[in-house]
Amino acid sequence: MRLGVLDVGSNTVHLLVVDAHPGARPLPAHSHKAELRLAQLLDEDGAIGTEGVDRLVAVVREALQAAEDKGVEDLLPFATSAVREARNADEVLARVREETGVELQVLSGEEEARLTFLAARRWFGWSAGKLLVLDIGGGSLEIAYGIDEQPDAAVSLPLGAGRLTAGRLSGDPPAPDDVRALRKHVRAEIARTVGVFSRFGPPDHVVATSKTFRQLARIGGAARSAEGLYVQRELKRESLEAWVPRLASMTTRERADLPGVSEDRAHQLVAGALVAEAAMDLLGVESLEICPWALREGVILRSLDQMGT
């Protein structure tokens with residue numbers, strides 16, 4: 001069957017269309033994205049303003065039309081941290097439902113971590129042993145660890161690249177004092193969770209998902225996306241530590257000129273790099289591998305598993 005996953009994230013609204021059936025690998029058929037940056041459209045009270053809701057409704061309508069055009073039989077719509085944490089989340093969800101007919105499922109941060117872990121486990125298989133999975137989104141950082149398909153530990157922290165950039169890095173390039181303050185904040189937040197994972201012992205394999213990690217790996221010398229999904233891509237902490245001060249000294253335009261860095265995400269790469277560096281350092285990770293599958297694939301795989309039961 002042809003499935004569609006509608007991901008309303010903190011940065012983008014992304015429709016992923018796949019051909020899939022239980023027991024088979026989902027095959028991508030179409031991708032439709034729209035930049036929305038919901039996390040940056042919150043007002044002083046933490047609510048998504050009228051303009052933001054209007055844009056969200058319009059983008060969901062566009063995605064629905066794209067899904068219909070591509071013959072999607074079943075749509076799996078969900079929202080993550082930007083909607084989850086908005087003060088007026090219930091009103092936003094109600095308006096989307098009334099005006100588009102789409103019932104967005106709001107995932108908790110722990111659910112995000114668990115579904116991303118499921119995707120990584122299926123991609124790498126049982127031979128990967130104990131997996132540690134890191135994912136930096138626009139609104140949050142997810143960390144999950146385990147040996148089975150369900151992680152033994154999963155946490156979500158409010159350390160998304162978009163959220164931190166909007167709230168703490170206003171300059172272009174950001175002021176050195178702001179960068180130092182953010183670095184301290186990020187490390188304090190992550191340090192609180194280290195004990196949750198260290199009690200399980202060292203992982204056999206560490207992987208990361210998300211555009212932030214892919215971009216950081218690319219500027220560190222990893223293969224281009226054009227070389228395909230099955231090329232191994234690594235990010236070494238030594239390389240990342242060397243790049244962080246360089247990224248912090250660049251303007252957004254200069255970062256956008258780096259290999260693999262998209263113009264729409266260049267502004268938040270410094271915050272993302274600080275989170276990635278802190279997570280790798282505090283969790284004792286020297287090198288990690290980039291996983292092509294992430295949250296959207298996890299949602300698809302869970303849905304297929306439920307169909308097969």
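Which residue forms a salt bridge with Arg-180, and how far apart are the closest N and O atoms?

A: The model is predicted, and what follows should be read as a description of that model. The partner of Arg-180 is Asp-177, and the closest N and O atoms of this salt bridge are 2.1 Å apart. Both residues lie in helix H6, 3 residues apart, which is about one turn of the helix. Arg-180 counts as exposed because its relative accessible area is 52%, and the cut-off for that class is over 50%.

Helix H6 covers residues 176-191, and a loop separates it from helix H5 (161-168). The peptide bond from Asp-172 to Pro-173 is cis, with omega near 5 degrees. Asp-172 has a relative accessibility of 47%, so it counts as partly exposed. Asp-172 also belongs to a negative surface patch, together with Glu-254, Asp-257 and Glu-263. Residues in such a patch have no salt bridge.

Arg-95 is partly exposed because its relative accessible area is 23%. Asp-54 is also partly exposed, at 35%.

Another salt bridge joins the side chains of Arg-84 and Glu-112, at 2.8 Å from N to O. Arg-84 is in helix H2 (residues 81-84) and Glu-112 in helix H4 (residues 109-124), and the pair links distant parts of the chain, 28 residues apart. Arg-84 has 22% relative accessibility and therefore counts as partly exposed. Glu-112 has a relative accessible area of 5%, so it is buried. There is also a network of salt bridges, in which Arg-187, Arg-237, Glu-241, Asp-281 and Glu-286 are linked.

Next come the strands. An open sheet of 5 strands has the order S3-S2-S1-S4-S5, and its pairing is mixed. Strand S3 (27-35) and strand S5 (105-106) stand at the edges with a single partner strand each, so one side of each has no neighbour in the sheet. Strand S1 (residues 2-8) pairs with strand S4 (residues 74-79) in the parallel sense, over 6 bridges. Within this pairing, Leu-3 stands opposite Asp-74 in S4.

Strand S7 (residues 141-146) and S8 give an antiparallel case, joined by 5 bridges. Ala-144 has Ala-154 in S8 as its bridge partner. The two strands are connected by a hairpin through 6 residues. Strand S8 (residues 153-157) has 4 of its 5 residues buried, so it is largely enclosed by the rest of the structure.

Arg-37 has a phi near 55 degrees, a positive value in a residue other than glycine. Its place is in the loop between S3 and helix H1 (50-69). Arg-37 counts as partly exposed because its relative accessibility is 26%. Ser-210 is not a glycine either, and its phi is positive at about 100 degrees. Ser-210 is found in the loop between strand S9 (205-209) and helix H8 (211-219). With 9% relative accessibility, Ser-210 counts as buried, because the cut-off for that class is under 20%.

Conventions. Residues numbered from 1 in each chain as written. Predicted model: local features only at pLDDT ≥ 70, side-chain atom pairs only at ≥ 80, totals over all residues. Heavy atoms only, no water. Patch = residues over 30% accessible without salt bridge, like charges linked within 9 Å, V, L, I, M, F, W, Y side chains within 5 Å. Areas by Shrake-Rupley, 256 points an atom, 1.4 Å probe, with all protein chains shown as cover. Salt bridge = Lys/Arg side-chain N within 4 Å of Asp/Glu carboxyl O. Lys, Arg positive; Asp, Glu negative; His and termini not counted. Charge placed at Lys NZ, Arg CZ, Asp CG, Glu CD. Buried < 20%, exposed > 50% of the residue type's maximum accessible area, 1.4 Å probe, protein only. Pairing = 2+ DSSP bridges.
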